[in-house]
Amino acid sequence: MERILVVDDEIHIGRILKKFLTSQSYDVYTATDGLEAIEKVKEVRPHVVLLDLIMPGMGGIDTLKEIKKINSKIVVIMITAVIDEELAKRALQLGADFYITKPFELDYLETCVREKIIELLN
């Protein structure tokens, strides 16, 4: 079963994504900040990380860098409510695999996750 880590400081977003992705047969874990995310990456070794870009403390960019140091093959999909093309470009340059802006359709998100997992496993 593919493992997904959802990292978002908005707890209700994490709960919604966990419930939805679990219903799609993924093994889903959550974290509410960058430091917790890094520990979970080491512990559960997710295939995909859905990573909020703007979080208090360690933000998404710094968390992305640390995740890629741990395992550069982990798929990281950045998720944010802030539409900032420069920040998106920077995240992609640092190894993010995709960038989605909130609000988004859950089915669209799941399609993106599924496509990235297929790429990863091939």
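S25 is partly exposed, with a relative accessible area of 48%. This is a predicted model, so that figure, like the others today, is computed from predicted coordinates. S25 sits in the loop between α1 and β2. Its phi is near 75 degrees, a positive value, and the residue is not a glycine.

For background: most residues other than glycine have a negative phi, and most peptide bonds are trans. R45 is in the loop between α2 and β3. Is R45 buried or exposed? At 56% relative accessibility, R45 counts as exposed, because the cut-off for exposed is over 50%.

While we are on backbone geometry, which two residues are joined by a cis peptide bond? They are K102 and P103, and omega there is about -5 degrees. P103 lies in the loop between β5, residues 98-101, and α5.

H47 has a relative accessibility of 19%, so it counts as buried, the cut-off being under 20%. Leaving out residues up to four places away in sequence, H47 touches M1, E2, R3, I74, V75 and L120.

V75 is in strand β4 and is buried, at 4% relative accessibility. Apart from its neighbours within four places in sequence, V75 is in contact with H47, V48, V49, D97, K116 and L120. V75 and L50 are 25 residues apart in sequence, yet 8.5 Å apart in space, C-alpha to C-alpha.

Next, the helices, starting with α2. Which residues of α2 are buried? They are G34, A37, I38, K40, V41 and V44. These residues cover an arc of only 165 degrees around the axis, which puts them on the same side of α2. An α-helix has 3.6 residues a turn, so residues three or four places apart point the same way. On the other side of α2, L35 and E43 are exposed. The buried residues of α2 pack against β1, β2, β3 and α3.

The crossing of α2 past α3 is right-handed. From α2, the residues that meet α3 are G34, A37, I38, V41 and K42; from α3, they are T63, E66, I67 and I70. By class, this contact has five nonpolar, two polar and two charged residues.

The other helix pair on my list is α1, residues 11-23, with α5, residues 106-121. These two pack at an angle of about 65 degrees, with their axes 11 Å apart. Their crossing is right-handed. I16, L17, F20 and L21 in α1 meet L106, D107, L109 and E110 in α5. What is the make-up of this contact by class? There are six nonpolar residues, no polar ones and two charged.

Last, one more loop residue. L53 is in the loop between β3 and α3. Although it is a loop residue, L53 is buried, with a relative accessible area of 4%. Which residues is it in contact with, leaving aside neighbours within four places in sequence? L53 is in contact with G59, G60, I61, M78, I79, T80, L87 and Y99. L53 and G34 are 19 residues apart in sequence and 9.9 Å apart in space, C-alpha to C-alpha.

How values were computed. Residues numbered from 1 in each chain as written. Predicted model: local features only at pLDDT ≥ 70, side-chain atom pairs only at ≥ 80, totals over all residues. Heavy atoms only, no water. Buried < 20%, exposed > 50% of the residue type's maximum accessible area, 1.4 Å probe, protein only. Contact = heavy atoms within 4.5 Å. Left-handed = near helix turned anticlockwise from the far one by under 90°. Helix = DSSP H or I, 4+ residues; strand = E, 2+ residues; numbered from the N terminus. Nonpolar A, V, L, I, M, F, W, Y, C, P; charged D, E, K, R; others polar. Axes fitted to C-alpha atoms, helices over the stretch in contact; angles between N-to-C directions. Arc of directions from axis to C-beta.
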